[in-house]
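Hi,

Here is the structure I promised to pass on.

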Amino acid sequence: MSEQAREAPQRRAEGPLRLGTRRSKLAMAQSGLVADAVRQVTGRPVELVEITTYGDVSREHLAQIGGTGVFVTALREALLRGDVDFAVHSLKDLPTAQPAELALAAVPVREDARDVLVARDGLTFAQLPDGARVGTGSPRRMAQLNAYARSHGLTIETVPIRGNVDTRIGYVRKGELDAVVLAAAGLNRIGRIDEATDFLSVDTVLPAPGQGALAIECVADNASLVAALGELDDPLTRAAVTAERSLLAALEAGCSAPVGAFADLLADGQTVKEMRLRGVVGTTDGSTLVQLSTTGPVPGTHDQAMALGRELAAEMLAKGAAGLMGERAH
């Protein structure tokens with residue numbers, strides 16, 4: 001190898017780090033937050049590289065175009081081509097199987113994992129009129145919202161919608177829908193959480209596995225970058241989302257399946273003692289839900305977190321979850 005060839009990668013390493021991001025307002029906001037954090041831990045400039053994904057341009061329902069993985073593919077291809085150095089994803093968009101050539105270098109501290117309601121006239125969910133039209137593109141939300149309404153003697157109509165935050169909230173502002181359901185984390189990150197009219201407790205609606213968390217990914221063989229990005233990793237968030245995603249994978253559920261999961265930490269004073277993992281799967285009309293939880297020591301390793309998810313999934317399958325997994329939003 002010539003002296004010049006040996007120096008080339010070195011020069012590249014000192015340039016700005018290129019962060020691949022989707023173009024949506026939310027993705028840009030999330031990536032901007034990560035870019036600031038990466039600048040602080042590496043001392044290097046970070047530039048955002050906007051990438052359009054199939055999920056951003058297609059108007060079809062997510063379940064029909066392959067679930068939320070459609071947002072991830074283009075970013076991963078850019079990483080593998082070397083067009084960008086690292087990428088930021090909403091963790092709930094990542095398929096559960098991690099490609100060997102890419103490293104999930106960091107899962108930073110999780111934002112609020114709850115879903116929120118944005119309703120007309122400042123209404124909470126309990127105040128919605130009978131027959132209210134509630135917009136969501138998520139079979140998971142449909143199943144739980146319908147079940148919750150039913151348990152309170154309410155009837156709601158869940159209306160499948162897609163689009164960015166502006167589009168979705170616009171349906172309510174224009175009077176086409178009574179309410180829409182969105183992730184609290186997304187509204188927080190774009191500074192619009194004050195538009196939420198009700199926070200839906202995780203006791204009512206379990207979030208999507210990984211909801212509220214970000215994933216920072218880079219090529220696995222760039223050890224120095226994996227290590228640098230790893231400074232942003234939060235071990236407890238990673239353990240929680242690993243357990244949730246393990247549950248999802250063990251139920252053999254794609255991103256379009258009506259599965260909710262949430263792992264939270266149970267503390268005794270200042271000491272975190274245990275992790276509780278809750279899972280739900282149901283039919284989109286809410287008539288049948290299988291909801292279970294398990295509590296155990298906080299997983300200290302990736303394998304322990306995976307085992308927690310698999311064990312709860314096995315219990316859910318034994319209780320009839322398998323029969324509900326074929327249900328898809330059409």
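T288 sits in the loop that links β12 (271-282) and β13 (289-297); helices (H or I, at least four residues) and strands (E, at least two) are DSSP runs, numbered from the N terminus. With a relative accessible area of 34%, T288 is partly exposed. The burial classes I use are buried for under 20% relative accessible area, exposed for over 50%, and partly exposed in between (1.4 Å probe, protein chains only). T288 and A143 are 145 residues apart in sequence, yet their C-alpha atoms are 8.3 Å apart in space.

Before going on, some housekeeping: this is a predicted model, in which local features need pLDDT of at least 70 and side-chain atom pairs count only at pLDDT 80 or more, while totals for chains, interfaces and linings use all residues. Residues are numbered from 1 along each chain as its sequence is written, and side-chain values use heavy atoms, with hydrogens and water left out.

Of the 13 residues of α6, 10 are buried, so the helix is largely enclosed by the rest of the structure. A143 is one of the buried residues, and P139, R140, R141 and M142 are also among them. Just after α6, G153 has a positive phi of about 70°.

Two other loops are worth a look. R114 lies in the one between β4 (102-106) and β5, and at 30% relative accessibility R114 counts as partly exposed. Leaving aside residues up to four places away in sequence, R114 touches L182, A183, A184, F199, L200, S201, V202 and Q211, where contact means heavy atoms within 4.5 Å. The C-alpha atoms of R114 and T204 are separated by 9.9 Å, with the two residues 90 apart along the chain.

The other loop runs between β5 (115-119) and β6 (132-135), and D121 is found there. Most residues other than glycine have a negative phi. D121 has a positive one of about 60° although it is not a glycine. At 64% relative accessibility, D121 counts as exposed.

Now for α2 (residues 25-42). At 1.5 Å a residue its 18 residues should span 26 Å, and the end C-alpha atoms are 25 Å apart, which agrees. A27, Q30, S31, V34, A35 and V38 are buried in α2. Seen down the axis of α2, these buried residues fall within an arc of 145°, so they line one face of the helix; the arc is that of the directions from the helix axis to the C-beta atoms. What do they pack against? Their partners are β1 (17-21), β2 (46-50), β3 (86-90), α8 (184-189), β10 (214-219) and α9 (223-229). On the other side of α2, K25 and Q40 are exposed. G43 follows α2, with a positive phi near 70°.

The last stop is the pair α10 and α11. Helix α10 (residues 235-250) packs on helix α11 (residues 302-318) at an angle of about 40°, and their axes are 7 Å apart. Axes are lines fitted to C-alpha atoms, for helices over the stretch in contact, and angles run from 0 to 180 degrees between N-to-C directions. The two helices are therefore oblique to each other (under 35 degrees is roughly parallel, over 145 roughly antiparallel, 65 to 115 roughly perpendicular, and the rest oblique). Contacts between them involve A239, T242, A243, S246, L247 and A250 in α10, and residues including A305, L308, L312 and M316 in α11.

On its own, α11 has 17 residues and reaches 25 Å from its first C-alpha to its last, close to the 24 Å expected. A305, L308, G309, L312, A313 and M316 are the buried residues of α11. They cover an arc of only 125° around the axis, which puts them on the same side of α11. D303 and A318 are exposed on the face of α11 turned away from its buried side.

For the overall tally, the protein has 11 helices and 13 strands, and buried residues make up 51% of its 330 residues.

Cheers

Methods
The expected span of a helix is 1.5 Å times one less than its number of residues.
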